[in-house]
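Colleague: I'm new to this one. Can you put it up and walk me through a piece of it?

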Amino acid sequence: MALTSFPVELIRADFPILAEKIRNKPLVYLDNAASCQKPNAVIDSISHVYRHEYANIHRGVHTLSVRATDKFEAAREKVRGFINAASSKEIIFVRGATEAINLIAQTYGKANIKAGDEIVITAMEHHSNIVPWQMLCEQTGAVLKVASMNIQGELLYNEFASLLNNKTRLVAVAHMSNALGTINPVELIIAAAHAHNIPVMLDGAQAIPHLAVDVQALDCDFYVFSGHKLYGPSGIGVMYGKQALLEAMPPYQGGGDMIKTVSFEKSTYAGLPHKFEAGTPSIADVIGLGAAIDYLNEIGMANIAAYEAELLDYATQQAKQIKGLRIIGEAGDKGAILSFVLDRIHPHDIGTMLDSLGIAIRAGHHCAMPVMEFYGVPATARASFAMYNTRQEIDVLMNGIESLIDVFELS
Amino acid sequence: MFEDLRDLYQEVIFDHNRNPRNFRVIADADRKVEGFNPLCGDRLTLYLKMDGDRIVDASFQGSGCAISTASVSLMTEIIKDKTEAEAEALFKTFHEMTTGKSEDIQLEAVGKLAVLAGVREYPARVKCATLAWHTLDAALKNQQQPVSTE
Ligand SMILES: Cc1ncc(COP(=O)(O)O)c(C=O)c1O
């Protein structure tokens, strides 16, 4: 789809916050990899729930509870369709990608990974796909193996493949890196792991708003993501797992809703997906996530991906014109993230200066300290794009960067 | 273009960022403490040479943003020839100035450091300015462990 035919102005009109003024300037929101803004469809659906449909779910015979339960389960079905899972039983609602990874580590991991076993991740993981595995390794005596990347930020696939052996119990990799934008060759990764009968977990936190994801076509064993990066509410996320794996896994937390029967001698657990959903969930937020998915389906993930690819190309070309700017992460296959550093200007100064122009970017280590170490920088500045960003906004960003370079050198 | 930021990024700050003072190692330092701001990755090592309770030389190494670099650079200048008690008193005043806890700070009391008063309006940047001073505080208390702002 050509840049001009993507209805970006119509989309922008659906996001009320984009009309905000920041420090008296129009907001240019380029921190989407940290969290996306929400369309009216999501905001309204949440307030509609609380105004008309709210009660606890799976618990009451009364009308409102039935209504809330239906909406909640309808949202699960929407998530299933969005990632093309085989069954809505495979869609587990959690707080976010972080909780999903911890869940997998503490249930699947504890049950299947023992001392001397190996877990393989990559050098570009977010802390949330490092620390839960380190904790599991500490608990079990398993070993964490890290596949390296090249200076472009691309996984060294051959090295990755050589790490797989008969001690490997799980591969856990980012579908797309939040610090670099790299999209990993997940089809190859999954095929290589499956050749050794090793299950693969994909951290889809970054990929999900940018790419059409089909978990059956990918044949991944687990796929996790957060609602808030998908134009949905914060506090809600998804763990997808293949049904056979989920059925064999012990539950995560104990409590209400996850049981079939409870007595003081022994309790039996509910079936999928409820086995992993102890306690009252974030009901309105699940329904809001369903609304975000409806909204995205109307626009079409393929159209979004094509538009964002053009935005990223444009931003990359513009950035390369700026003297003293170094792009961090130049993988051949990349999502809409532009991480960069400037000669002798710290990312925090870049962040504050751009903020004074109404431009929101992220400055910091992006919860990926090992990536910063690899590039020998304490932090980067990161502009991350969403479907509502425009070329004009990229121009504003680039002008801002050029002006701040001037200020630092001339004043 | 950056009119709004004049109070934060004053000329003195750019100057110290470009040409940090006392940016060197003191090989025979009596005190050496590392300071770290894990949120932004700012990292510095502070060196002090003491004569009794008097700071006779101060220097630093490390990397950080303009605010943190200017802050530590200015600090190494101002604490030279101060006693431990005087330096602690400056730390206290500086801290009050940058966190805005006290309305009537005597800006004269902090001398050149007054250029950092602007961070008060930028809560996200206060730690950039105070990292140097927390590190100094640890050095004066003769702590060896690295200082972290978190
Ligand atoms: C690649 C990646 N994985 C995991 C996470 C964690 O997501 P959350 O904080 O929503 O749990 C993030 C969020 O920044 C991310 O970018």
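Modeller: Start with strand β4 of chain A, residues 91-94. A:I91 and A:F93 point one way, while A:I92 and A:V94 point the other way. All are buried, meaning under 20% relative accessible area with a 1.4 Å probe, protein chains only. Strands are DSSP runs of E, at least two residues, and helices are runs of H or I, at least four, numbered from the N terminus.

Colleague: What should I know about the model and the numbering?

Modeller: This is a predicted model: local features need pLDDT of at least 70, side-chain atom pairs need 80 or more, and totals for chains, interfaces and linings use all residues. Residues count from 1 along each chain as written, chains are lettered from A and ligands numbered from 1 in written order, and side-chain values use heavy atoms, without hydrogens or water.

Colleague: Which strand is joined to β4(A), and by how many bridges?

Modeller: Strand β10 of chain A, residues 237-241, by 4 bridges. The two run antiparallel. DSSP must find at least two bridges for strands to pair.

Colleague: And what stands opposite A:F93?

Modeller: A:V238, in β10(A).

Colleague: Zooming out, how many helices and strands are in chain A?

Modeller: 14 helices and 17 strands. The radius of gyration is 22 Å, close to the globule rule's 22 Å for 411 residues, so chain A is as compact as a globular protein of that length. That radius is over C-alpha atoms; the rule is 2.2 Å times the number of residues to the power 0.38.

Colleague: How much of chain A is buried?

Modeller: Buried residues make up 57% of the 411.

Conventions: Buried means under 20% relative accessible area, exposed over 50%, partly exposed in between (1.4 Å probe, protein chains only).
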